[in-house]
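Work through the exercises below with the sequence and the coordinates at hand. Each task is followed by a solution in steps.

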Amino acid sequence: MQTDAQTLLLVDDDPDLCAMLAEYLGHEGYKVETVHSGGAALEALERLTPDLMVLDIMMPGMSGLELLQQLRPRSAVPVLMLTGRGEAIDRILGLEMGADDYLSKPCHPRELLARVKAILRRCDGVQPTVEPEQDGTFPAHRLASGELVLDPGQREVQFAGQPLQLTSAEFNVLAYLMQHAGRVLSKEELTRWVLHRELSAYDRAIDVHVSRVRQKLASVMGDNQEMIKTVRGQGYQFVRGQA
């Protein structure tokens, strides 16, 4: 059970499913508010600051993707998408629009709970996003590469003194890559440390998060400074810059 009730906003057009999931998550100590449309979700966000949003992609009227597109420019609330099992393109689009992770429907409530806990851990700092040192402690110092500076404690990234806006998953990707600069990291390892779950078949979440980090770095550094390289068949590597 949670000691401090964290608020979840559940957005799904199926009232029965919402009621069932709200009851289950409520028993786990979360405060759950449910709405059944994108418009109602936007209204709820005017009076509510949830710790996490669980968002169904396929809804009549305003879809989950349309809601996410409107949401991201003004809010960094973590978003867990619910998608149909065959909707690979929707999952990729959702991740590209700034969702943190996805779960295929129909899903077991325990699986949803595990995914919610994983996202909240990495957002709230309960579980650090970087690997422990040999003595078991976690580095509190900033990570730097040239003018790029990442502060794990404050969960802030700056380039040349200017803040770089990243989602929680994007921050975790960059933090883990920078901590292991020069080493090639597999998608399996990145998924385990960044998303706190195992890599599954046809899972492109890490690829999309890495791509978005690259795009945001390029927007401030220029395309000629490639700091994250793809090593074909092996994974990704952060290339050290001048400190």
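**Exercise 1. Classify Y176 and its ring partner by accessibility, then classify the ring pair.**

Step 1. In this predicted model, Y176 has a relative accessibility of 0%. The cut-off for buried is under 20%, so Y176 counts as buried.

Step 2. The partner is W193. Its relative accessibility is 22%, so W193 counts as partly exposed.

Step 3. The count of aromatic pairs comes to 1. The ring centres of Y176 and W193 lie 5.7 Å apart, and the planes are at 15°. Planes under 30 degrees apart count as stacked, so this pair is stacked.

Step 4. Y176 belongs to helix 6 (residues 168-179) and W193 to helix 7 (residues 187-195), so the pair ties together parts that are 17 residues apart in sequence.

**Exercise 2. Describe how helix 4 and helix 8 pack.**

Step 1. Two packed helices are described by the angle between their axes and the distance between the axes.

Step 2. For helix 4 and helix 8, the axes come within 9 Å and cross at roughly 35°. The crossing is right-handed.

Step 3. On the helix 4 side, the contact is made by I92, L95 and E96. Helix 8 contributes A205, V208, H209 and R212.

**Exercise 3. Which residues of helix 4 are buried, and what covers them?**

Step 1. Helix 4 spans residues 88-96, and its buried residues are D90, R91, I92, G94 and L95.

Step 2. The cover over these residues includes helix 3 (64-71), strand 4 (79-84), strand 5 (101-105) and helix 8 (205-221).

Step 3. Just after helix 4, G98 takes a positive phi of about 115°.

**Exercise 4. Locate S211 and find its separation from E170.**

Step 1. S211 is found in helix 8. With a relative accessibility of 29%, S211 counts as partly exposed.

Step 2. S211 and E170 are 41 residues apart along the chain, and 9.3 Å separates their C-alpha atoms.

**Exercise 5. Which ring does the charged end of R197 sit over?**

Step 1. The ring is that of Y102, with the charged end of R197 placed 5.9 Å from the ring centre.

Step 2. The distance limit for a charge over a ring is within 6 Å of the ring centre.

Conventions: Residues numbered from 1 in each chain as written. Predicted model: local features only at pLDDT ≥ 70, side-chain atom pairs only at ≥ 80, totals over all residues. Heavy atoms only, no water. Buried < 20%, exposed > 50% of the residue type's maximum accessible area, 1.4 Å probe, protein only. Helix = DSSP H or I, 4+ residues; strand = E, 2+ residues; numbered from the N terminus. Contact = heavy atoms within 4.5 Å. Phe/Tyr/Trp six-rings, centres within 6.5 Å; stacked < 30°, edge-to-face > 60°. Lys NZ or Arg CZ within 6 Å of the ring centre and 35° of its normal. Axes fitted to C-alpha atoms, helices over the stretch in contact; angles between N-to-C directions. Left-handed = near helix turned anticlockwise from the far one by under 90°.
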